[in-house]
Amino acid sequence: MLVEQTRAEALYERVRTVIPPLEWPAFADDIEAILELKRARNAVILAHNYQTPEIFHCVSDIVGDSLSLAREAMEVEADTIVLAGVHFMAETAKLLNPGKTVLIPDERAGCSLAESITANDVRALRERYPGVPVVTYVNTSAAVKAESDICCTSGNARAVIESLGVPRVIMIPDEFLAQNVARETGVEIITWKGHCEVHELFDRADIAELREAYPGVTVLAHPECPPEVVEVSDFAGSTAAMSAYVSERKPARVALITECSMSDNVAVDHPDVEFVRPCNLCPHMKRITLAGIRKALEENRYEVTVAPELAVRARRAVERMLAVR
Ligand code: 13P
Ligand code: SF4
């Protein structure tokens, strides 16, 4: 019993700057149970950068952006992967490591981008623009990936587009990411009207207000933000790239223009950096809780599977992306 308390106490030391002491007792019991269940079930937890700090810092084995979670999922040797993130991430993990049991703690953890487009839509685009390659953001269903030539994430979109060596591509479904990448690459991009419901809420005026209220602030934006936001930011990159920017450049004062938990998670390792927190919550990411992860491991729920015929084609698009350096 004494050992158990020490483990929870040690974990709290790590997150005490972002979790108030009053909230901690509500987490400690689930954390202990999850650590024990992971051992008993030979399971690992992969968590996205938008997960809350008690998940991100206290029970996860691997954390990162969509690209690194995909790469890491492929290497997992444990029997079970619990994906603390959204459904498309769990599906990608299953595609890349099909022999493992992949669980998502809440089946409703979707994504407005994934919802914005269907496999039929992609087939219609191909008919309309014959011969133009289809680059698909990983924030999509396996069915949409299966209709695509290659996938990309926010971390490698530019490299993926440039690897194709063509003047024109179809890039779906995130209109803003496509517009931001088009500006960087000079490639003509046909896009789709999908948006991230979290990042589309930011606008140019938010950044102007921020700069006025917090002089000297360094503004880092996710490329799912509208181009007008990226234009007036100091840097745009994936969640992992934003985190690396803070680690490497150590700005005195920084604003991460993205989902709310991101700042908390990065702040834990950077007590000397002032984080200004103008953020929006992702309701899908927030469906994942410690209690849900615990239940997932206790009851082996909710298992994510992909039909074999679909998986072959979707995997090809994801693997082509992973081959781009
Ligand atoms: P990255 O972590 O790949 O930058 O993506 C952010 C995102 O939208 C995940 O939902
Ligand atoms: Fe989808 Fe946006 Fe939420 Fe990411 S933050 S899961 S892109 S809705």
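**Strand β5 and its neighbours**

I started with strand β5 (residues 134-137), which runs parallel to strand β7 (residues 168-172), with 3 bridges joining the two. For the terms, helices (H or I, at least four residues) and strands (E, at least two) are DSSP runs numbered from the N terminus, and two strands pair if DSSP finds at least two bridges between them. In this pairing, Val135 stands opposite Met171 in β7. I then found that 3 bridges also join β5 to strand β6 (residues 150-152), again in parallel. There, Thr136 faces Cys151 in β6.

Before going on I noted the ground rules. This is a predicted model, where local features need pLDDT of at least 70, side-chain atom pairs count only at pLDDT 80 or more, and totals for chains, interfaces and linings use all residues. Residues are numbered from 1 along each chain as its sequence is written, chains are lettered from A and ligands numbered from 1 in the order in which they are written, and side-chain values use heavy atoms, with hydrogens and water left out.

Are the two faces of β5 covered or open? Covered: Val134 and Thr136 on one side, and Val135 and Tyr137 on the other, are all buried. Buried means under 20% relative accessible area, exposed means over 50%, and partly exposed is in between (1.4 Å probe, protein chains only).

**Strand β1**

Next I looked at strand β1 (residues 43-48), where 6 of its 6 residues are buried. One side carries Ala43, Ile45 and Ala47, and the other has Val44, Leu46 and His48. β1 pairs in the parallel sense with strand β3 (residues 80-84) over 5 bridges, and Val44 stands opposite Ile81 there. β1 also pairs in the parallel sense with strand β2 (residues 62-64), over 3 bridges. In that pair I saw Leu46 opposite Ile62.

**An open sheet**

I also traced an open sheet of 4 strands in the order β10-β9-β11-β12, with parallel pairing. β10 (235-236) and β12 (274-276) each have a single partner strand, so one side of each is left without a neighbour in the sheet. Strand β11 (residues 253-257) is joined to β12 by 3 bridges, and Arg253 stands opposite Glu274.

**Around ligand 2**

What is the largest cavity? I found that it is the space taken by ligand 2. A cavity is a set of points, on a 1 Å grid over the protein atoms alone, where a 1.4 Å probe fits but cannot get out. The residues around the ligand (a heavy atom within 4 Å of it) include Tyr50, Cys111, Asn139, Glu197, Glu224 and His284. The shell divides into 7 nonpolar, 3 polar and 2 charged residues. Here Ala, Val, Leu, Ile, Met, Phe, Trp, Tyr, Cys and Pro count as nonpolar, Asp, Glu, Lys and Arg as charged, and the others, Gly among them, as polar.

**Salt bridges**

How many salt bridges does the structure hold? The structure holds 26, each being a side-chain nitrogen of Lys or Arg within 4 Å of a carboxyl oxygen of Asp or Glu. I picked Arg294 and Asp30, whose closest N and O atoms are 2.7 Å apart. This pair links distant parts of the chain, with Arg294 in helix α15 (residues 290-299) and Asp30 in helix α2 (residues 24-41), 264 residues apart. Arg294 is partly exposed at 21% relative accessibility, whereas Asp30 is buried at 15%.

I also checked Asp106 and Arg108, which meet at 2.8 Å, N to O. Asp106 is buried at 11%, but Arg108 is exposed at 54%.

Most residues other than glycine have a negative phi, and most peptide bonds are trans. I listed the exceptions I came across:

- The peptide bond from Ile172 to Pro173 is cis, with omega near -10 degrees, and Pro173 sits in the loop between β7 and α10.
- Asn42 is not a glycine, yet has a positive phi of about 50 degrees; Asn42 lies in the loop between α2 and β1.
- Asn300 also has a positive phi, of about 55 degrees, and lies in the loop between α15 and α16.

Note on methods:
1 Å grid on protein atoms, 1.4 Å probe; cavity = no way out; pocket = protein on both sides within 12 Å on 5 of 7 lines; lining within 4 Å. Sits in = over half its atoms within 2 Å of the grid points.
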